[in-house]
Amino acid sequence: MHATIQAIGTAVPDQDIHAAFVDWARQRLPEREARLFDRMSARSGIAHRWSVLPLAPGSPVAEGGFYAAEPHPGTAARMTLYAEAAPALALRAIEQLAQQQPLDGITHLVVASCTGFVAPGIDQIIAARLGLSPSVERLLVGFMGCYAAVVALRSARHIVRSDPDARVLVVTVELSTLHLQASQALEPLLAMLQFGDGAAAALVSAEPGGFTIEAPFATTLPGAAELIRWNITDQGFAMHLSGEVPGRIATALAEPALRATITGARPVDRWAVHAGGRSILDAVEHSLGLAEDALAPSRSVLAEAGNMSSATLMFVLARLLQGEPVDHGVAMAFGPGLAAEGFHFRSAA
């Protein structure tokens with residue numbers, strides 16, 4: 001029994017905050033580090049990042065904006081916004097999915113998010129707003145970070161393989177811009193430079209069409225647990241993204257055993273790699289000896305929306321679904337742990 005991704009819908013908010021953040025961040029640094037920040041932001045491969053934060057004159061860091069004054073709003077205020085904005089953005093992605101694929105007869109709902117908490121959960125909020133039957137089975141994948149899309153899709157695969165009549169709605173929604181930190185240090189500001197808000201929704205079933213989700217894989221890199229962290233503070237979730245991450249990924253991917261697990265026995269003709277940042281994509285490309293354009297879909301998503309945590313990989317897969325048929329694809333993402341999760345896929349007949 002095969003499980004297939006029938007279609008994927010995506011959505012980003014309306015406010016582009018990338019340029020405003022760059023201006024705000026560089027002013028917080030000494031001149032020498034500000035020049036380095038300018039060079040790094042210019043080389044980031046990111047042109048736009050989008051935010052659900054209320055529109056203000058200029059941006060969220062401008063006068064009247066959510067982050068205009070310090071100390072910034074506390075975690076409670078940020079979670080209030082999450083409870084309102086996360087389901088709304090998710091529903092926009094689901095609406096885009098519904099334009100491609102009928103969503104009648106949904107039996108399961110799997111939702112992944114690591115940028116907020118609310119109870120009843122956003123899975124329940126989304127189900128109620130969609131008018132789904134109370135009998136729909138729900139799964140909330142929380143706080144797993146950027147690879148949670150793999151976990152959500154893998155869970156949908158298990159459901160469909162055990163119940164051929166299942167129609168699983170998979171949703172990833174992340175509001176990373178709710179967690180701006182008032183740092184004056186270069187490394188955390190460079191980490192925050194990567195992240196934006198976004199949502200994606202996929203329908204997974206046993207029906208033909210789309211991409212068949214094939215063998216999954218997962219590994220945790222030894223001695224790397226501290227390199228990617230979310231710390232819950234009184235002023236939101238503080239992201240720690242070490243500059244060592246690309247190098248550790250490159251070293252791990254160079255190991256023959258992991259490389260064989262990822263690539264499989266057949267040549268890989270399409271790659272869907274989480275766009276965690278330009279340096280991470282460069283590390284994957286160079287370590288696996290990929291062609292220069294192999295990660296073009298990932299780089300395009302990074303340029304247009306930045307790193308949207310778990311939603312990012314779904315954006316990449318959505319682009320590949322619109323392209324040429326895939327004989328053997330590999331989807332892969334990295335996140336806290338430092339963990340790598342992924343699966344093989346191909347175009348379904």
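Buried residues are those under 20% relative accessible area, exposed residues those over 50%, and partly exposed residues those in between, with a 1.4 Å probe and protein chains only. The views below show a predicted model, in which local features need pLDDT of at least 70 and side-chain atom pairs count only at pLDDT 80 or more, while totals for chains, interfaces and linings use all residues. Residues are numbered from 1 along each chain as its sequence is written, and side-chain values use heavy atoms, with hydrogens and water left out.

**View 1. The salt bridge between R154 and E341.** A salt bridge is a side-chain nitrogen of Lys or Arg within 4 Å of a carboxyl oxygen of Asp or Glu. In this pair the closest N and O atoms are 2.6 Å apart. Because R154 belongs to helix α5 (residues 148–162) and E341 to strand β13, the bridge ties together parts that are 187 residues apart in sequence. Helices (H or I, at least four residues) and strands (E, at least two) are DSSP runs, numbered from the N terminus. R154 counts as buried at 19% relative accessibility, and E341 counts as buried at 9%.

**View 2. Further salt bridges.** By the rule given above, the structure has 15 salt bridges. One of them joins E285 and R299, with 2.9 Å between the closest N and O atoms. This pair links distant parts of the chain, since E285 sits in helix α9 (residues 278–288) and R299 in helix α10 (residues 296–305), 14 residues apart. E285 is buried, with a relative accessible area of 11%, whereas R299 is partly exposed at 25% relative accessibility. Salt bridges with shared partners also connect E214, R266, D327 and R346 into one network. Another bridge is formed by E226 and R229, whose closest N and O atoms are 3.4 Å apart. Here E226 counts as exposed at 51% relative accessibility, and R229 as partly exposed at 25%.

**View 3. The aromatic pair of F211 and F345.** A pair of aromatic rings is described by the distance of the centres and the angle of the planes. Rings of Phe, Tyr and Trp (its six-membered ring) pair if their centres lie within 6.5 Å; planes under 30 degrees apart count as stacked, over 60 as edge-to-face and the rest as tilted. The structure holds 8 such pairs. The pair of F211 and F345 is tilted, with 4.8 Å from centre to centre and 40 degrees between the planes. F211 is part of strand β8 (residues 211–220) and F345 of strand β13 (residues 339–347), so their pairing ties together parts 134 residues apart in sequence.

**View 4. The aromatic pair of W230 and F237.** The ring centres of W230 and F237 are 5.8 Å apart and their planes stand at 85 degrees, so the pair is edge-to-face. W230 is buried at 14% relative accessibility, and F237 is buried at 1%. Together with F117 and F143, these two residues form one aromatic cluster.

**View 5. A nonpolar surface patch at F117, F143 and I232.** These three residues make a patch of about 280 Å². Patches consist of residues with over 30% relative accessible area and no salt bridge, where like charges are joined within 9 Å and nonpolar side chains (Val, Leu, Ile, Met, Phe, Trp, Tyr) within 5 Å. Accessible areas come from the Shrake-Rupley method with a 1.4 Å probe, and for residues only the protein chains shown count as cover. F117 is located in the loop between β4 (108–113) and α4 (122–130), and at 43% relative accessibility F117 counts as partly exposed.

**View 6. The surroundings of H328.** H328 occupies the loop between α11 (311–321) and β12 (329–335) and is buried, with a relative accessible area of 2%. The side chains of H328 and H344 are joined by a polar contact of 2.8 Å. A polar contact is a pair of N or O atoms within 3.5 Å; within protein, one must be able to donate a hydrogen and the other to accept it, and residues adjacent in sequence count only if both atoms are side-chain atoms. Contact in general means heavy atoms within 4.5 Å. Leaving aside neighbours within four places in sequence, the contacts of H328 include T263, R266, D269, H344 and F345.
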